[in-house]
Amino acid sequence: MKWAVITGACGGLGRAFCQLCAEQNYDLILSGTDEKRLILLKQELLGRYSISIQTYVCDLSKLEDTILFCDYLKQLQIDLLINNAGFGEYCTFEKMSQQTLMDMNQVNMTSMMLVMHAVLPLMKEKGGYVLNVASTAAFQPGPMMANYYATKAYVLSLSEGAALEMKKDKIHICALCCGPVETEFAQKAHIKHTWAQKLMMIEPRHAAKIGLDAVYKGKTRVVAGLFNRCIVCLSHLIPHGLLCSIMNYIQSKRQG
């Protein structure tokens, strides 16, 4: 028996992770905020795969919920953790509400960090895998989504640093850096994709498979999609001031 924990499991990329892990015969712990969607997903997976599934309704924007979730996980033997929960919002930093800023930082950074911190000691005996969903946003600033971009830079940096620390314990930690994925993210963030971003769009299952393959191979980061990898490489070559100007122009066209 091997257990996989997936946060943000209800839809989009999280749902794709659930399906792939079920195909790989993991027993699943599915975490999300929507109990009805979690139950429907559980029923669907149990109808197709001979695995065990537990659901845990949890709002990771609330610290107290996150701590309770971590305490729950500490009672289990976890083989794979997928920190997928996260959200963004299209708005200038100055006009974004304090509550939205705090909720975003809590979900994208603090809860991700606390869940990983809770699970790592459970993996030390026989090793394990942690996949943190970052973004290509981690590689440059993002006007109009400045806080979201900053949170994903944190996810990438923490993942790579912790990966080096845990390598000796055969615990592999990887950051999955996706560009645009065909999920509900853009709708919830109130943004639209430009023509260039539509070229970079990949399917959730494809992105999820890239992430899982990478962490199994011991990689500390992976950028999903050839076009996205080219863009990330190009961003390292462009002078930083010019890169910021380009991002400012691109982001200004994304009002949903």
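This is a predicted model: local features need pLDDT of at least 70, side-chain atom pairs count only at pLDDT 80 or more; totals for chains, interfaces and linings use all residues.
Trainee: Let's start with one residue. Is Ser31 buried or exposed?

Mentor: Compare its relative accessibility with the cut-off. Buried means under 20%. Ser31 has 1% relative accessibility, so Ser31 counts as buried. Ser31 lies in strand β2, residues 27–32.

Trainee: Which residues does Ser31 touch, leaving out those up to four places away in sequence?

Mentor: Ser31 touches Ile6, Thr7, Gly8, Ala9, Leu38, Tyr56, Cys58 and Phe69. Keep Tyr56 and Phe69 in mind.

Trainee: I will. How do I read a pair of rings?

Mentor: Look at two things: the distance between centres and the angle between planes. By this rule the count comes to 5 aromatic pairs. Take Tyr56 and Phe69: their ring centres are 5.0 Å apart and their planes stand at 45°, so the pair is tilted. This pair links distant parts of the chain, 13 residues apart. Tyr56 is in strand β3 (residues 53–57), and Phe69 is in helix α3 (residues 63–73). Both Tyr56 and Phe69 are buried.

Trainee: Which residues form one aromatic cluster?

Mentor: Tyr56, Phe69 and Tyr72 do. The charged end of Lys2 sits over the ring of Tyr26, 4.3 Å from the ring centre.

Trainee: Now the strands. Which strands does β6 pair with, and in what direction do they run?

Mentor: Check the bridges, then the direction. Strand β5 (residues 128–133) is joined to β6 by 6 bridges, and the two run parallel. There, Leu131 has Cys174 as its bridge partner in β6. Strand β7 (residues 221–223) also runs parallel to β6, with 3 bridges between them. Cys177 stands opposite Val223 in β7.

Trainee: Which helix makes a β-α-β unit with β5 and β6?

Mentor: Helix α5, residues 146–166; the unit is right-handed.

Trainee: How many residues of β6 are buried?

Mentor: In β6 (residues 171–177), 6 of the 7 residues are buried, and the strand is mostly covered.

Trainee: Last topic. How many residues has the largest nonpolar core?

Mentor: Think of buried nonpolar residues joined through their side chains. The largest such core has 37 residues. Ile6, Phe17, Cys21, Leu28, Leu30 and Leu45 have the most contacts inside it. Several elements supply at least two residues each, including β1, β2, β5 and β6. The largest share, 7 residues, comes from α1. Apart from this core lies another, of 27 residues, among them Leu60, Leu120, Ala162 and Ile171.

Definitions and conventions: Residues are numbered from 1 along each chain as its sequence is written. Side-chain values use heavy atoms; hydrogens and water are left out. Helices (H or I, at least four residues) and strands (E, at least two) are DSSP runs, numbered from the N terminus. Buried means under 20% relative accessible area, exposed over 50%, partly exposed in between (1.4 Å probe, protein chains only). Contact means heavy atoms within 4.5 Å. Two strands pair if DSSP finds at least two bridges between them. A crossover is right-handed if, with the strands pointing away from the viewer, the path from the first strand over the helix to the second runs clockwise. Rings of Phe, Tyr and Trp (its six-membered ring) pair if their centres lie within 6.5 Å; planes under 30 degrees apart count as stacked, over 60 as edge-to-face and the rest as tilted. A charge sits over a ring if NZ of Lys or CZ of Arg is within 6 Å of the ring centre and within 35 degrees of the ring normal. A nonpolar core is a set of buried Ala, Val, Leu, Ile, Met, Phe, Trp, Tyr and Cys residues joined through side-chain atoms within 4.5 Å.
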